[in-house]
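Thanks for coming, everyone. Please have the sequence and the picture open while I talk. I'll go through it one spot at a time.

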Amino acid sequence: AKFNDNIVMGTAGKGIHLGVTSATASNLLDDYEEGTFTPAYSQSGGDVLRTGRYTKVGNMVTIFIRAQYTQTSSTTAMGAITGLPFTILSETGNGTMVFREFSTTGDLHSATLSPNNTATNNIVNFTNTNTFTAGGEIGIGVEFSYRVA
């Protein structure tokens with residue numbers, strides 16, 4: 001059959017069975033969503049830019065963040081990214097996201113994903129030598145995926 005328009009389900013909760021000739025629950029695609037969210041930073045004294053976008057397909061979500069925050073204190077132990085749009089599945093927790101800080105140091109940073117949470121664990125500088133001073137900016141540009149709870 002050839003379709004010239006979108007396929008619309010007659011009732012909510014329906015989807016498309018992919019890769020099988022008979023309906024099985026494990027092959028049902030019934031969840032797709034795109035949206036925006038506002039990522040926060042746990043040590044933010046303010047923000048210059050906060051952009052968050054996501055695409056969710058089934059039980060996987062891909063996150064894009066571009067943000068600049070003002071650091072509240074002088075520290076090498078930085079804060080966490082909070083406000084993710086979906087809870088991180090416990091088995092996926094402690095996966096790692098990596099990004100290059102673009103506003104001040106240009107250093108490489110990482111943070112693990114916090115299980116059963118909508119946040120990362122604290123961001124860590126790979127060299128752990130640069131200190132962000134109070135009032136300094138931290139720029140976060142990152143894209144990562146995780147399974148949702």
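Start with K56 and D31: their side chains meet in a salt bridge, 2.2 Å from N to O. Remember that this is a predicted model, so that distance is computed. Why can such a pair form at all? Side chains of opposite charge can pair when their charged atoms come close.

Now, where do the two partners sit? K56 is in strand β5, residues 44-57. D31 is in the loop between β2 (28-29) and β3 (32-37). The pair therefore ties together parts that are 25 residues apart in sequence. Buried or exposed? K56 is buried, because its relative accessible area is 7% and the limit is under 20%. D31 is partly exposed, at 23%.

How many salt bridges does a search of the whole structure find? It finds 2. The other pair to look at is D47 and R50, whose side chains meet at 3.2 Å, N to O. D47 is partly exposed, with 40% relative accessibility. R50 is partly exposed too, with 35%.

Next, the core. In soluble globular proteins, nonpolar side chains tend to be buried together. Here, the largest nonpolar core has 24 residues. Which have the most contacts inside it? They are I63, I65, L84, I140, F144 and Y146. Three strands each supply at least two residues of this core: β6 (60-71), β8 (96-100) and β11 (137-147).

Zoom in on I63. Leaving aside residues up to four places away in sequence, I63 touches F37, R53, Y54, L84, P85, V142, E143, F144 and Y146. Three of those names, L84, F144 and Y146, are also on the list of residues with the most core contacts.

Now F86. Find F86 in the loop between β7 (81-82) and β8. F86 is buried, with a relative accessible area of 17%. What does F86 touch, beyond residues up to four places away in sequence? The partners are E33, Y54, K56, V61, N117, T118, Y146 and V148. Notice K56 there: that is the lysine from our salt bridge with D31. F86 and N116 are 30 residues apart in sequence, and their C-alpha atoms are 9.5 Å apart in space.

A134 lies in the loop between β10 and β11. A134 is partly exposed, at 45% relative accessibility. A134 and T62 are 72 residues apart along the chain, and 31 Å separates their C-alpha atoms.

On to a sheet. Strands of a sheet pair through backbone hydrogen bonds, either parallel or antiparallel.

Last stop, H109. H109 is in strand β9, residues 108-112. How accessible is H109? Its relative accessible area is 0%, so H109 is buried. What does the side chain of H109 reach? It reaches the backbone oxygen of D107, at 3.0 Å.

That's the tour. Questions, please.

Terms used. Residues are numbered from 1 along each chain as its sequence is written. This is a predicted model: local features need pLDDT of at least 70, side-chain atom pairs count only at pLDDT 80 or more; totals for chains, interfaces and linings use all residues. Side-chain values use heavy atoms; hydrogens and water are left out. Helices (H or I, at least four residues) and strands (E, at least two) are DSSP runs, numbered from the N terminus. Buried means under 20% relative accessible area, exposed over 50%, partly exposed in between (1.4 Å probe, protein chains only). A polar contact is a pair of N or O atoms within 3.5 Å; within protein, one must be able to donate a hydrogen and the other to accept it, and residues adjacent in sequence count only if both atoms are side-chain atoms. A nonpolar core is a set of buried Ala, Val, Leu, Ile, Met, Phe, Trp, Tyr and Cys residues joined through side-chain atoms within 4.5 Å. Contact means heavy atoms within 4.5 Å. A salt bridge is a side-chain nitrogen of Lys or Arg within 4 Å of a carboxyl oxygen of Asp or Glu.
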